[in-house]
Amino acid sequence: MNAPTNPKAFKQWQQNAENFTDVQIQTSSGHTIYANANILALASPVLERMLEHARRCSSNSRRQIKVLGVPCDAVLSFVRLLYSSKWRSSDKEEVEEMEKHGMHLLALSHTYRVQWLKRVCEAGLIVSTVNVIDTLKLAKWCDARRLYIKCMVVLTQDLTGVQCAESWRFIQAHDPQLELEILQFIQEKDLRMKRMRRRKEEQGVYMQLVQVLECLDHICTEGCTNVGPLDVDLASTSRGPCGSFSTCEGLQQLILHLPLCSKKLAPGKCTHCKRMWQIFRLHSSLCARTEFCKVPLCKQFQMRKQEEGKGDDEMWRLLVKKVAFARFMSCLEKTKRTEEVWRKAGKCGDSSCRSVTSSQRRK
Ligand SMILES: [Zn+2]
Ligand SMILES: [Zn+2]
Ligand SMILES: [Zn+2]
């Protein structure tokens, strides 16, 4: 007779299950839960060993094992889940069962090595400021890493709230090691966040430099508004500001300033000229064009480096490396965005839209 998967129906099924099952599970409260040896042995290697031991020790075909330390209802839920071998998050009764016995089910699934149920419990357990300390202790005991992190997130978000609870005072008095572990985790998380923020800010600066270099390239090859290379007739082409004009305009002003500045050859005297020289040098350090490059001073910087035979200083090398990485990331981002546009356009019902994108792809 197949056992029902529904919690209430399974409880009712237990009333007559003695007649067609071969295992009796004794609980702490003295109740007996009935089950089939094959199902238990298949679901848990620990139960399999216990049943084998019970078989050897008893002459009776009915075997007895003990599952102690948790309430009878939690053991019943555990056995039912071993029978159904899945937990349905959409079933109201199963969700209620998890709310009620989640902690016990986690302990049981860890003890009896039912990995899928352990994962379900880790994900399903709701951690709040009220139960976080107990849940954290259990997570540590069960080696449940995901649940441990979940608890630490709650602690980080509301440490003051947790510190008002009785459980905090308890660990302060009886488990200072755990208190220290929590405080250290929170401190490390703060440091990690600060490092991440700093890295993000730095990345923003490198991204700006990438944009400046892109603008320099585009000014020196095709020209932008009224600044461009000598071989491009800027007057004959009606070109408006480019898409990055906020950056491009500043760079154009620097380019226009350079030939007119009287202090451009005095090292460090004019900040505008100094900045422009650095942008040219940065371009040269990153330029991969083996043939003619239209950006001024590109070849000169490279030749000077070769003639002098000494490389760039450490700081400059680091800057070049970081900007190169930012440029790589920017390229990846652009490719992703283009693919996204194509994908969306591919879904568009308009046939003209699809034909445009397919011709673009071919290019
Ligand atoms: Zn431009
Ligand atoms: Zn100047
Ligand atoms: Zn170049």
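Residues are numbered from 1 along each chain as its sequence is written, while chains are lettered from A and ligands numbered from 1 in the order in which they are written. In this predicted model, local features need pLDDT of at least 70 and side-chain atom pairs count only at pLDDT 80 or more, whereas totals for chains, interfaces and linings use all residues.

Student: How many Å separate the centres of domain 1 and domain 2?

Tutor: Let's start with the division of the chain: domain 1 covers 7-192 and domain 2 covers 202-362. Such bounds come from an automatic or database domain assignment. Taken over C-alpha atoms, the separation of the two centres is 59 Å.

Student: In what order do the three strands of the open sheet lie?

Tutor: Strands here are DSSP runs of E with at least two residues, and helices are runs of H or I with at least four, numbered from the N terminus. Two strands pair if DSSP finds at least two bridges between them. The edge strands, pairing on one side only, are β2 (32-35) and β3 (63-67). With mixed pairing, the order is β2-β1-β3.

Student: Which residue in β2 is the bridge partner of Gln24?

Tutor: Strand β1 (residues 23-27) runs antiparallel to β2, and four bridges join them. In β2, Gln24 has as its bridge partner Tyr34.

Student: Which helix packs on the sheet?

Tutor: Look for a helix touching β1 and β3, where contact means C-beta atoms, placed from the backbone, within 7 Å. Its direction makes about 135° with that of β3, using lines fitted to C-alpha atoms (for helices over the stretch in contact) and angles from 0 to 180 degrees between N-to-C directions. The helix, residues 45-57, is α3.

Student: How many buried residues does helix α14 have?

Tutor: A residue is buried if 20 or more other C-beta atoms lie within 10 Å of its own, exposed if 12 or fewer, and partly exposed in between, with C-beta atoms placed from the backbone. Helix α14 (residues 298-308) is hardly covered. Among its eleven residues, the buried count is one.

How values were computed:
Two residues are in contact if their C-beta atoms, placed from the backbone, lie within 7 Å.
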